[in-house]
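Subject: Structure handover, chain B

Hello,

Please find the structure below. My notes on it come after.

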Amino acid sequence: MTQTALQIRRISGHPGPVPGEGVERAEQVCKLVDTTTCIGCKACEVACLEWNGYTFTETTFDNSYQTMPETAWNYWNLIKFNEHEREDGTMMLLMRKDQCMHCADPGCLAACPADGAIVQYANGIVDFQQEHCIGCGYCVSGCPFNIPKFNSATKKMFKCTLCSDRVSEGLEPACIKSCPTGCLHFGTKDDMKDLAERRATQLRENYGISTAGVYDPPGVGGTGVIYVLHDVNNPEAYGGLPKDPHIPWVVKFWKGPAKWIGNFAMLFGVVGVTLHYLRYGPKEVHEPKKENGGQP
Amino acid sequence: MSASHVVSSTRTTGEPGGNVLRYTLIERVHHWLGFFFYLYCLITGLAFWSPYMFWLAALVGGGPTARFWHPWFGLGFTASMLWMYRMWWRDMQTTEADLRWRKAIKHYIENDDQNLPPEGRFNYGQKLYFWVMIYGVILLLISGTGLWFVESIPEWLRLLSVTVHVTAALATIGGLIIHVYMGTAMVRGGFSSIVRGEVTTAWARTHHRLWYEQVTKSAPGKK
């Protein structure tokens with residue numbers, strides 16, 4: 001799904017500098033999901049499937065509104081339902097549209113070993129390039145949101161593209177277009193942050209929801225999808241949204257210092273045996289002076 | 001050390017200038033099978049390890065092909081290692097001679113072989129390498145299975161698998177560098193012994209005197 005119209009600023013598994021490294025468009029794109037006005041209609045799920053050319057897959061039933069437990073390689077957008085019990089014992093249905101968060105500091109891209117299989121465009125969208133994907137699944141280990149999914153038929157990874165094809169043509173993502181309540185918004189990161197903060201303030205001041213706030217986790221450098229939550233202190237209640245997501249330190253170490261320690265160790269080994277040969281050379285075989293002559 | 005299991009081969013001449021069978025055909029076949037499988041995993045593994053070595057994947061058909069075959073060749077390597085374990089595990093137990101030899105390892109490194117205590121069929125260094133590869137392949141197999149089905153395992157196991165796979169792979173690479181160097185450049189005659197199976201009696205007497213004495217002097221039944 002290469003979008004030539006979009007400039008790339010980060011490339012996975014890429015040796016040497018990236019041509020567009022560090023460039024940022026003046027405007028980072030962002031999706032705002034207001035969970036307080038989501039009614040769980042799943043119109044966004046349908047729009048996502050329709051635009052991206054996927055058909056409905058078999059759903060599961062577990063005595064709730066939940067269609068399936070998590071997103072799939074051909075189902076990138078899923079409402080997570082949670083029958084949440086408030087402290088006073090009353091019930092509350094929490095609904096959150098789950099999809100790729102388009103992290104500013106993407107763990108999938110950091111973990112990916114294939115040159116160009118994951119890119120981050122200058123507008124902030126993180127996109128998989130299936131023609132370069134080798135299907136190793138390292139991105140699964142790097143993602144704190146459990147988003148990349150494996151297609152066992154094509155041996156490639158898939159996830160939400162933030163409709164990079166639509167965005168590059170100046171359109172909003174398909175899910176945004178379909179939302180009947182207006183709980184989904186799309187625009188620049190600054191605008192969305194501003195809108196989200198104003199909505200959270202409104203919830204706190206006018207609706208008495210003192211815990212309302214905006215979810216834009218700094219651990220991954222902020223995200224290209226932000227949420228307004230009734231209770232920003234308990235994001236886990238919204239279908240397992242991590243409280244403080246970050247790239248696992250094992251992945252950071254593996255892709256950072258471990259590379260250089262390992263490469264240095266291998267180089268040390270090769271140089272070491274070479275120096276040994278230069279210094280000591282091959283072992284001599286001692287021919288015995290006479291047959292059965294004790295110590296040769 | 002008991003004589004009964006020191007030698008897998010029985011064909012010997014023991015005459016000066018003659019040859020001694022060091023590795024049977026089946027031993028050589030499994031050594032080279034293991035080498036072939038390991039080499040594939042090494043090339044593809046290095047490609048996945050560093051972007052600067054990703055081009056290595058092109059040597060074996062490209063990234064997706066390398067990713068597809070890497071675990072299968074890993075299973076092949078495991079199978080050949082299993083066979084090598086079956087053939088050699090008794091020979092690879094640490095002996096009294098090994099402990100004496102280990103104390104004098106400085107002389108071995110400096111090619112001062114006259115001052116080394118005599119060794120059996122395998123010296124302590126070879127045994128060490130054998131066990132590094134055996135334990136290495138066990139760890140690589142377990143962690144590799146996790147990475148093969150990475151979506152099906154919990155996050156902590158994914159991260160543990162990555163760590164173990166990388167660490168075990170680096171340990172075996174370290175062993176391999178020394179093994180290849182010693183088998184080809186440092187100990188002349190070693191390479192042809194694992195190809196054609198035979199060494200000269202002088203070679204056997206120099207490098208593995210206890211083994212040499214056993215295969216040349218002790219007839220079957222004479223302990």
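Residues are numbered from 1 along each chain as its sequence is written, while chains are lettered from A and ligands numbered from 1 in the order in which they are written.

The predictor gives the complex an ipTM of 0.87 and a pTM of 0.88. Chain B has a mean pLDDT (the predictor's confidence in each residue, from 0 to 100) of 89, and 90% of its residues reach 70 or more. Over residues 1-11 of chain B pLDDT stays under 50, and the model has 25 contacts (C-beta atoms, placed from the backbone, within 7 Å) beyond four places in sequence for them. Residues 219-223 of chain B also stay under 50, with 2 such contacts. Where pLDDT is low, the predicted coordinates should not be read in detail.

Among the elements of chain B, helix 6 (residues 124-148) of chain B has the highest mean pLDDT, 97. Helices here are DSSP runs (H or I, at least four residues), numbered from the N terminus. Helix 6 of chain B packs against helix 7 (residues 155-186) of chain B at about 150°, with axes 8 Å apart; axes are lines fitted to C-alpha atoms over the stretch in contact, and angles run from 0 to 180 degrees between N-to-C directions. The two helices are therefore roughly antiparallel (over 145 degrees). Residues in the contact include B:Gly136 and B:Leu140 of helix 6 of chain B and B:Ala168 and B:Gly175 of helix 7 of chain B.

Regards

Notes: This is a predicted model: local features need pLDDT of at least 70, side-chain atom pairs count only at pLDDT 80 or more; totals for chains, interfaces and linings use all residues. Angles under 35 degrees count as roughly parallel, over 145 as roughly antiparallel, 65 to 115 as roughly perpendicular and the rest as oblique.
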